[in-house]
Amino acid sequence: MSEDYEMMCGIEIHQQLDTKKLFCSCDSRLCEEGFGAYYRRLRPTTSEMGEIDRAALAQFQRHLGYRYQCCEGTSCLVELDEEPPHDVNADAMRIALTFSEMLGANLIDEVHFMRKIVVDGSNTSGFQRTALISTDGAVKVGDRKISILSVCLEEDACRRVETKSDEVVWRTDRLGIPLIEVATGPDMKTPEEVMEVAYRLGTLLRATKRVKRGLGTIRQDLNISIPGGARIELKGVGDLRLIPDYVRNEVARQKMLLRVKSILDERGTKPVAFETVDATEIFKDCESKVIKGALSDKGKVIAVRLPGFAGVMNGDNKTLRLGAEMAQRARTKGVKGIFHSDELPNYGIEQEYVDRLREFLGMTGENDAFVICAAKEKKAADALEMAVIRANEALEGVPEETRDPLSDGTTKYSRPLPGAARMYPETDVPPTLITDAMIQDIRDNMPEFPEQIEKRLVGDYGINAQQAHQIVRQSQDELFERLSEDKSMAPIAATTLLNTFSEMERDGVDATAIPDDCLVHSFELLKQGRFAKEALPAILKEMAGGTKPEDAIKKLGLEAVDEGEAFAIIEGIVKEREEFVRSKGMAAVGPLMGPVMGALKGKLDGKQVNKLLTEAIKKLLG
């Protein structure tokens, strides 16, 4: 195995279930608007062992307040933590048990809910309810068997609406929607394998026919490590196609941090004591926009020495990037960023200011560095303290942490990795006994597996095995069957879902913006002969912008023409090219199909056009 793949990775998948909420009878749907403004501050509590979770403590130290909006029909006193939870949703419990059976996992005899401490405001209670359903399952991907450590049933969190400097606004419509959480072992060895496992688990979940669909209804967390590195949790990956990029970039990041540690070890660099220096006077005439803005707002320029850290914050052709890690930590204190000596002079800070600061700080060693922050004094000092903590962690290698995915395949720091000190029993929800009769009933009514669905699509609709596999992999089998209710439409439906939609995406058109019902209606119009199948891609592009099928047809002028009108147009084209037609004879049909189809603008099916063109040429040739 190549060096690039010296890694281990596990996945946690969180899938919303299509039922009522987990602990009340509210609908599990999202709302466009919320009402009310229930304000809370949350603080961490100790676990059964008397410990406070480090991630919860770090969140508490951000000193944020939380405001909650409710929604009609999706929120009640349970969501606001003003009423105890009701009995657990029986449908959700059955779906979790069914999925566990699909994985061949060992079911828990008696399900007990626990409280998981969460103080980022996403749960009004300060904790999330979660229960272990099964353990020791497996899923086969390619020729490898990937272990499933656990399947859990838990409640989803609130939805973030707005973030201010000291307050976060949440909406409770999503809070309490049932989730299946499935966690694999750290068995995946390549970035592509991680993606394939995510696809496989996703198709198995959707095979239950009881999960929600659409953006945000399924989320993937990746746990990545390399030899000598540490476990990093990448939280909330949405686009499965980006998983290989996230994995490769995290592997590269950890390798970079191990190189930084090696360099610092060779230098004998010691941990830095956090001591700030007011350097405002040095920068009072600096033209940097950041510094001028901070000073005009009665802020200061605060500096900290970093002996032994020169060249590792943005050095070796910018492949050493400890400075970016320090900046991400600093931003958790509300500043826009920091400046460090490896990147200066730059950003409006000229060399003279760098030299004056080095002299002011008494920096004489070639490996001595500094970091500065321009903001209100306390905020700047707090930000620099975080930067120094991160610099000192580099002496140990790779720190465990949770990171957020970015759209370019990279990540940013979010918070420390949660520990084991955040779980304690839920006393308001009685345990659920899993009886033999329940298990037997589930086994007697198991859903189709993806392979069975693929086989049925090939047999019932006449598409090929590769098309069926891609349709199921992309979770479009239910939509495909709706589009192919008239089985003669199956080839067009397969081409649309697999090819046309991909071409639209390459052109920057979001095919997922077309509601399923509208897409089905467009196929009904196609079957009725309201437009030709050649016009379907253009109509779909128009529909992606919110236009109804009938309106798209009219707007684009793609209403189907009858054969008589079409023949007149074709006959005119043939006459215009009479000399060419007479020289080629019936061989002129092929070359003339392009101009004829262009003139008809997709208003008539290609087979009909070919037939009419053939007739027009025969008529001309006599």
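Is Cys-71 buried or exposed? I looked this up before anything else, keeping in mind that the model is predicted. Cys-71 has a relative accessible area of 1%, so I noted the residue as buried.

**Cysteines**

I then asked how many disulfides a search of the whole structure finds. The search gives 0. I checked two cysteines to see the reason. For Cys-71, the closest cysteine sulfur belongs to Cys-31 and lies 3.5 Å away, which is too far for a bond. A disulfide needs the two sulfur atoms within 2.5 Å.

**A sheet of strands**

Next I went through a sheet. I found 4 strands in an open sheet, in the order S2-S3-S10-S9, with mixed pairing. Strands S2 (35–40) and S9 (159–163) are at the edges; each has a single partner strand, so one side of each has no neighbour in the sheet. I noted an average twist of 30 degrees from one strand to the next. I followed S2 to its partner S3 (residues 65–70) and found antiparallel pairing over 4 bridges. Within this part, I looked up Tyr-38 and found that its bridge partner in S3 is Tyr-68.

**Helix H14**

I turned to helix H14, residues 516–527. The helix has 12 residues and spans 17 Å from first C-alpha to last, close to the expected 16 Å. Which residues of H14 are buried? I listed Cys-518, Leu-519, Val-520, Ser-522, Phe-523, Leu-525 and Leu-526. As a reminder to myself, an α-helix has 3.6 residues a turn, so residues three or four places apart point the same way. I then looked for what covers the buried residues of H14, and the cover includes helices H12 (477–483), H13 (490–506), H15 (536–543) and H16 (549–556). After H14 comes Gly-529, and I noted that its phi is positive, near 80 degrees.

**Asp-477**

My last entry concerns Asp-477, which I located in helix H12. Is this residue buried or exposed? The relative accessibility of Asp-477 is 7%, so I put it down as buried. I then searched for a partner of its side chain and found a polar contact with the side chain of Lys-209, at 3.0 Å. Leaving out residues up to four places away in sequence, I found Asp-477 touching Lys-209, Ile-453, Leu-457, Ile-471 and Val-472.

Key
Residues are numbered from 1 along each chain as its sequence is written. This is a predicted model: local features need pLDDT of at least 70, side-chain atom pairs count only at pLDDT 80 or more; totals for chains, interfaces and linings use all residues. Side-chain values use heavy atoms; hydrogens and water are left out. Two strands pair if DSSP finds at least two bridges between them. Helices (H or I, at least four residues) and strands (E, at least two) are DSSP runs, numbered from the N terminus. Axes are lines fitted to C-alpha atoms, for helices over the stretch in contact, and angles run from 0 to 180 degrees between N-to-C directions. The expected span of a helix is 1.5 Å times one less than its number of residues. Buried means under 20% relative accessible area, exposed over 50%, partly exposed in between (1.4 Å probe, protein chains only). Contact means heavy atoms within 4.5 Å. A polar contact is a pair of N or O atoms within 3.5 Å; within protein, one must be able to donate a hydrogen and the other to accept it, and residues adjacent in sequence count only if both atoms are side-chain atoms.
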